[in-house]
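Please look at the sequence and structure before reading on.

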Amino acid sequence: MPDARPVVDSVAALLAGATDRAALDAPGKSGAVLERVRIDGRPYVVKYLDHDADWSLRAAGVPGSPTVELWRRGILDALPHEIAQPIVAVAHDRDRPTLSAVLMHDVGPWLVPAVDDPITVGQNSRFLDHLAALHAAFWETDRDVDVVAPRDRYLELSPRMAAAEATLGSSHLVPILVAEGWPRLASVAPRAAAVVVPLVHEPAPLLAALATTPQTFVHGNWKLDNLGTDDTGRTVLLDWETPGRGAGTADLAWYLAINCRRLPVSKEQAIDDYRAALERRGIVTEPWWDRQIALALLGALVQFGWEKALGGYDDELAWWEERAVAAAPLLG
């Protein structure tokens with residue numbers, strides 16, 4: 001197993017010798033700041049992870065950041081070949097414990113463009129195949145991958161988070177929209193709300209049901225803004241915001257929910273493609289698949305019910321509502 005990696009004890013030391021520093025725009029909405037720099041003539045990108053400025057870090061509840069913990073434990077070195085993660089060093093500032101920073105190779109040219117167009121069928125298939133590769137590599141792992149607790153992962157976009165951010169006087173857009181969206185779900189999709197809203201406040205029944213199915217290491221934010229394809233066909237993977245132990249299909253369900261407007265195939269096809277990719281890697285899915293995928297799709301609406309409600313009752317929300325209602329008896 002890979003050894004633990006050292007964490008630099010100050011952001012200043014991490015960036016010693018950096019030149020040509022320039023702020024970098026990014027599509028993320030967490031409040032994180034990015035900067036392009038050169039060190040010894042080579043281009044890098046720095047991501048500053050500041051609990052004082054980033055609502056997603058506060059929601060995750062991990063000192064330093066989840067990324068620092070993954071690095072410290074050597075978990076990123078155990079990723080399968082299909083995954084290209086660009087981090088080369090991290091720092092957790094001893095004098096300002098709320099601040100960390102991640103130094104990465106500049107992979108900008110390989111990332112999925114931040115536009116509204118669907119990605120290609122080939123790239124979508126590759127992302128699903130490589131997601132399955134990640135999960136297969138950590139299937140029922142005994143490594144210490146418990147970074148963000150499943151409860152916090154499912155409450156990241158909850159009324160609890162929105163209320164906490166409001167108390168802090170946060171002006172970030174996502175917490176504001178979360179606060180607006182959840183009350184709308186009951187009027188827009190009452191059948192979905194009857195199942196989902198109780199879980200948004202207390203996800204224990206969902207977590208207990210998912211825990212009866214196989215577990216792996218999940219990324220937690222498999223969205224197109226965090227993905228790319230390098231010149232060898234590997235998947236570039238960024239932003240480990242809510243990683244930890246969980247159901248692999250939860251990553252899949254998140255992908256389907258957050259990228260819904262850009263998928264080139266139906267959700268059903270994407271689900272079949274991911275399952276087939278697991279099977280190709282020797283994971284026998286028949287005993288547990290139906291239960292876990294149903295619960296994971298319900299879980300995605302626990303995470304994104306607010307966002308779907310803001311769009312009104314359309315085909316997208318109707319699809320998720322049907323899955324939530326169908327999965328409700330599995331909660332026990």
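Helices (H or I, at least four residues) and strands (E, at least two) are DSSP runs, numbered from the N terminus. The model is predicted, so local features need pLDDT of at least 70 and side-chain atom pairs count only at pLDDT 80 or more, while totals for chains, interfaces and linings use all residues. Residues are numbered from 1 along each chain as its sequence is written, and side-chain values use heavy atoms, with hydrogens and water left out.

**Cavities**

A cavity is a set of points, on a 1 Å grid over the protein atoms alone, where a 1.4 Å probe fits but cannot get out; its lining residues have an atom within 4 Å of a point. Grid points are joined across faces, edges and corners, and the volume is the space filled by probe spheres set on the points. The structure holds two cavities of 30 Å³ or more.

The largest cavity has a volume of about 170 Å³. It is lined by 18 residues, of which Lys47, Leu49, Thr67, Asp239 and Trp240 are the closest to its centre. Strand S3 (42-50), helix H2 (55-60), helix H3 (66-72) and strand S6 (99-105) are the elements that give two or more residues to this lining. Residues are also sorted by class: Ala, Val, Leu, Ile, Met, Phe, Trp, Tyr, Cys and Pro count as nonpolar, Asp, Glu, Lys and Arg as charged, and the others, Gly among them, as polar. The lining of the largest cavity has 10 nonpolar, four polar and four charged residues.

The second largest cavity has a volume of about 60 Å³. Its lining consists of Arg153, Tyr154, Val218, Gly220, Ala250, Asp251, Trp254 and Gln303. Helix H5 (150-154) and helix H10 (248-258) each supply at least two of the lining residues, and H10 gives the largest share, three residues. By class, this lining has four nonpolar, two polar and two charged residues.

**Helix packing**

Axes are lines fitted to C-alpha atoms, for helices over the stretch in contact, and angles run from 0 to 180 degrees between N-to-C directions. Angles under 35 degrees count as roughly parallel, over 145 as roughly antiparallel, 65 to 115 as roughly perpendicular and the rest as oblique. Contact means heavy atoms within 4.5 Å.

The axes of helix H4 (residues 121-137) and helix H11 (residues 267-280) come within 8 Å and cross at roughly 45°. That angle makes H4 oblique to H11. From H4, Ser125, Leu128, Asp129, Leu131, Ala132 and His135 meet Ala270, Asp273, Tyr274, Ala277, Leu278 and Arg280 of H11.

Two other helices pack against helix H12 (residues 289-310).

| Helix | Partner | Angle | Axis distance |
|---|---|---|---|
| H7 (residues 173-188) | H12 | about 85° | 7 Å |
| H8 (residues 190-201) | H12 | about 75° | 9 Å |

H7 is thus roughly perpendicular to H12, and H8 and H12 are likewise roughly perpendicular to each other. What classes of residue make up these contacts? The contact of H7 with H12 has 11 nonpolar, three polar and two charged residues. In the other contact, Ala192, Val195, Val196, Leu199 and Val200 of H8 meet Leu298, Leu301 and Val302 of H12. Here there are eight nonpolar residues, with no polar and no charged ones.

Note on methods
1 Å grid on protein atoms, 1.4 Å probe; cavity = no way out; pocket = protein on both sides within 12 Å on 5 of 7 lines; lining within 4 Å.
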